[in-house]
Amino acid sequence: RLRNQNRKCGGYASPYDDRRDAAARPLTTEKRFLKQALSTSMNKALMTKRQYYLYTTPLVLMFGVAVLFCGGTSCRQSKDESTGAPSTKPPTNLEHVVIGVLPYLDHCYAIVGKELGYFHDVGIDPELREVPVDQIVPLLKNRTLDICSTPPGILMAAWDAAPELCHFVFGNLFTGYAILARDELQARPYKTFTDEGLSPAEAAKQTMLQLQGKRLAYPPEDAITPFIDLSLARAGLTTKDIIPVMGDEPRILNAMRRKAADYYTGGAPNRIQLQSEHCTPIFTAYNLAQLAKPTADSEELAAILQSGWATHKETYDKKHELILKLACVNYRIMAALDDGNPKAKEIHLSYLRKLTGEAEYKPEQARALYEINKFTSFEKQARWFNDTNSVEHFKYINGAILKTWTRRSGYFKKPPPTLEQVLYDDKVYTELGQRKADLAARRAQLAQSGKPSEQAAISAALAKSQQLERDWRLEEAARILDVVQLPK
């Protein structure tokens, strides 16, 4: 009943949703998308949109870099009188971009870029619109939205109806479910075992053995039982080796509070609430994923997911420079959140409260939100694209999610998509990486050039270019180097 209510509210569906239920009610192409469209967090599958809302759910334009004013065949530049370095002007003629956001922490971070001026810095005027989950694909398809925050699984599931959409940049890693223990049990988390030198496999075994003969509260949903089964199997256990305390989310939350259960696994809102009430995660879906084999065939990897921004393929092709600028803003936001920038987090959580109606988050709840959602910088995302031995490689996580759809007989009426047809994130990541490498090479060359009398001006220009690159204003960082003349 809760699952059906969740669907009516536009909430998340799980890759492990009830197969019998799917077979019992034939769906149109559009409604099939609504039902299956979210292979995102298995956490979110268990609750109504409102329940999830309750918990999980411009910096002044900088002065500096050169601006070239061209008229006919002539060009001129202005300089900073104090340093001799080329100066910059605030962007004019901002391009209006409509950005779809969802009322979840991992899907509303665009507000950080808006409030801190990151969009304006690259010539973009952002308009943020909250959209229901079930409207992501229709609104991208009809161009009401230019981009929208979404996990790739939505686009995969909607392939029959909307093959013209693509995902172009990643932001965060959502880490899924966790097994929580009441603090008074003094149960040892997985990390304490690995810190003692145990191998990851042995640490998982010892962690899960603590549940043997104990009461585990969880909802009897297909969305969560794979995580429980796979986790128990790490210790050679099954649900026959524990005492299940099953019920809907309010019931199992109360079971933990009344001490009628020892351990808990369920939705993100209850997890966040219990973590503020003296309960501690001892094993998470992220821990489980780290034990998986680095392949798309690893079922464990479907329990976590990488999310970011999607767009129409025609927008990607015809406005490619705009897409790259948006990706730059995305990575600047990731750098701020990954570094724990207090102002960025304050803006982020404040906007989430506005979207969800939540009055305030306790420090423990805020910390739990950012533990579940790992906002990941450009540098740290390197392993997602370049390290084929990492279980976080984008092809393994998203390949495992895609397989949850392709394994369903008759789900796709057309040939199912390949990852390359949906995910353009690696192309954008590589292109931005190349531009950063080109900037570094140009700065190195210029640093060795010029007369002694020109060194001060060149050094100032190089410093500004480097700062602009750190701020992901790559176009300006390149432009400032254009006006530094190499000696003939």
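Modeller: A polar contact is a pair of N or O atoms within 3.5 Å, and within protein one of them must be able to donate a hydrogen and the other to accept it. In this predicted model, the side chain of H107 makes such a contact with the side chain of S149, at 2.7 Å.

Colleague: Where does H107 lie, and is H107 buried or exposed?

Modeller: H107 lies in the loop between β3 (95–101) and α5 (110–115). A residue is called buried when its relative accessible area is under 20%, and H107, at 1% relative accessibility, therefore counts as buried.

Colleague: Which residue could I look at for the opposite case, and where does that residue lie?

Modeller: Exposed means over 50%, so N386, at 57% relative accessibility, counts as exposed. N386 lies in helix α19, which covers residues 382–386. Leaving aside residues up to four places away in sequence, N386 touches H393 and Y429. The C-alpha atoms of N386 and D426 are separated by 9.3 Å, although these two residues are 40 residues apart along the chain.

Colleague: How many of the residues in the chain are buried, as a percentage?

Modeller: Buried residues make up 56% of the 488 residues in the chain. As for the surface, the chain exposes about 20600 Å², and carbon and sulfur atoms supply 51% of that area.

Colleague: Turning to the strands, in what order do the 5 strands of the open sheet stand?

Modeller: Strands of a sheet pair through backbone hydrogen bonds, either parallel or antiparallel. Here the order is β9-β8-β10-β7-β11, and the pairing is mixed. The edge strands are β9 (243–246) and β11 (279–284), each of which pairs on one side only.

Colleague: In which sense do β7 and β11 pair, and which residue of β11 stands opposite L180?

Modeller: Strand β7 (residues 178–182) pairs with β11 in the antiparallel sense, over 5 bridges, and L180 stands opposite P281 in β11.

Note on methods:
Residues are numbered from 1 along each chain as its sequence is written. This is a predicted model: local features need pLDDT of at least 70, side-chain atom pairs count only at pLDDT 80 or more; totals for chains, interfaces and linings use all residues. Side-chain values use heavy atoms; hydrogens and water are left out. Buried means under 20% relative accessible area, exposed over 50%, partly exposed in between (1.4 Å probe, protein chains only). Accessible areas come from the Shrake-Rupley method with a 1.4 Å probe; for residues, only the protein chains shown count as cover. Helices (H or I, at least four residues) and strands (E, at least two) are DSSP runs, numbered from the N terminus. Contact means heavy atoms within 4.5 Å. Two strands pair if DSSP finds at least two bridges between them.
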